[in-house]
Structures are given as structure tokens and as C-alpha cells.
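Okay, thanks for coming, everyone. Let me put the model up and walk you through it.

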Amino acid sequence: RMSYIEQSKFESLNASGSVRLNDMALKMEDIPEVMIKNSVLSFTPRYVDLSQTTVMIGENDITFDSRFENYLGFVFKGTTLKGTLNVSSKHMNLGDFLGGEATEEEVVEEEVAPLEDVVRIPDNIDFRMQAAFNEVKFNKMTFNDFRGLLTVKNSRIDMQNLSLKTMGGSVVVNGAYATPTGAYPALNAGFALKEI
């Protein structure tokens with residue numbers, strides 16, 4: 001009954017179980033082949049756990065475990081989705097997902113986007129993500145030992161001690177990106193650079 005969800009009476013719902021995937025290959029247009037090495041999805045009316053998950057996307061690997069709470073309320077009522085995510089990778093080439101480098105002819109001066117076109121961070125997300133990437137490539141840049149915590153809450157992403165090594169030195173970023181309702185996004189961040 002919808003009233004169980006509206007009143008957060010999740011113990012009255014009888015829906016739980018698990019799904020395990022091993023060596024599943026997916027082929028889709030415009031992205032490298034995806035191989036799900038292993039993954040376990042467990043669910044109850046209160047939460048969804050995605051654990052022991054390792055995925056290969058072309059030459060890129062990603063391992064993560066996550067837990068999402070109040071997913072039924074989020075889906076059916078728009079209430080706040082709470083969650084945690086730990087994600088790690090040995091090698092990630094962002095060019096495989098974002099396209100190649102822009103040529104000089106493709107680089108054009110951008111206009112300020114209309115306010116309605118700005119990508120908003122939802123205000124009903126309460127989410128913590130711990131990231132650990134050994135190597136990240138983007139165009140001709142290589143970043144090593146990318147680590148840090150991202151917290152998403154109240155239409156805002158907080159970056160806490162995001163650190164990485166590049167160009168012979170290291171960078172640490174602390175700050176926030178916010179998308180308040182009715183206003184343009186705002187980035188407020190500090191960068192500590194050493195031996196670049």
C-alpha cells in the first residue's frame with residue numbers, strides 16, 4: 001500500500017532479496033564494451049546495497065560498493081534519498097566517456113547559459129562519496145593518487161580534501177559547488193598547489 005511508504009512503515013512491506021551477477025558483457029552504441037566482473041545487489045524496503053562490484057569499461061576499471069536508504073520514498077514521494085558510495089579505480093581514461101580533444105576550429109566562445117538550462121543538484125539527495133583513483137587521464141593530462149570525499153546535500157556538493165598528483169607536484173582542493181533555487185550556480189573553492 002502507498003500509505004506504508006507515505007508513513008515510512010517500511011516494516012509492513014514484504015519485498016527483499018538479492019541479485020548476483022558474474023562475467024556479464026554489455027555492448028552499447030558509442031561506449032566501449034562493459035564487462036561486469038561481479039556484483040551483488042541486495043534490497044529490503046528500507047535500503048538497497050550494491051556491493052562487491054567490479055566493472056570494466058573498455059580498458060577502464062571501477063570498483064564500488066554503495067548503500068541507498070529511503071529509495072522507495074524517493075521514487076514514489078520525492079522524499080530525500082540518503083546514501084554512501086565508495087568508488088575506486090586503478091586506471092580511468094575520461095576521454096573514453098567525454099569524447100576526444102577539441103580542435104581549434106571546434107573551440108568557440110561560450111555564452112552564459114540561460115538560468116533554466118543550468119544543471120541543478122537535486123535538493124532531495126543526501127549522499128557521501130569516498131573516491132580513490134590510482135590514475136586518471138584526461139586529454140594529455142595524467143592525474144595520480146586522486147583521493148577525497150564528496151558530500152551532496154541541499155543542492156550543494158562539498159569537496160573535502162580532494163587531493164591528486166600531477167605535473168611533478170600535488171594539488172589539494174576544498175570547497176563547494178551550489179545550485180540554489182532561482183539563482184546561478186556558485187563555486188567557492190580553495191586550491192593548495194605544491195611543487196607543480
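Quick definition before the layout: helices (H or I, at least four residues) and strands (E, at least two) are DSSP runs, numbered from the N terminus.

Housekeeping now. This is a predicted model, where local features need pLDDT of at least 70 and side-chain atom pairs count only at pLDDT 80 or more, while totals for chains, interfaces and linings use all residues. Residues are numbered from 1 along each chain as its sequence is written, and side-chain values use heavy atoms, with hydrogens and water left out.

On to the inside. I'll say buried for under 20% relative accessible area, exposed for over 50%, and partly exposed in between (1.4 Å probe, protein chains only). Of the 196 residues in the protein chain, 27% are buried. A nonpolar core, for us, is a set of buried Ala, Val, Leu, Ile, Met, Phe, Trp, Tyr and Cys residues joined through side-chain atoms within 4.5 Å.

The largest one has 22 residues, and V55, I62, F64, V87 and F133 touch the most other members. Elements giving two or more residues to this core include β3 (47-57), β4 (60-69) and β7 (125-138). Which strand gives the largest share? That's β7, with five residues. There is another core lying apart from it, of five residues, including M159 and V173.

Take I62 as an example. Counting contact as heavy atoms within 4.5 Å, and skipping neighbours within four places in sequence, I62 meets T53, T54, V55, V87, S88, S89 and M92.

Now the charges. A salt bridge here is a side-chain nitrogen of Lys or Arg within 4 Å of a carboxyl oxygen of Asp or Glu, and a search of the whole structure turns up six. My pick is R67 with D49, at 3.4 Å from N to O. That pair links distant parts of the chain, with R67 in β4 and D49 in β3, 18 residues apart. D49 is buried, at 19% relative accessible area, and R67 is partly exposed at 30%.

Then there's K27 with E33, whose closest N and O atoms are 3.8 Å apart. K27 is exposed at 71%, whereas E33 is partly exposed at 39%. Finally, R156 and D158 come to 3.0 Å between their closest N and O atoms.
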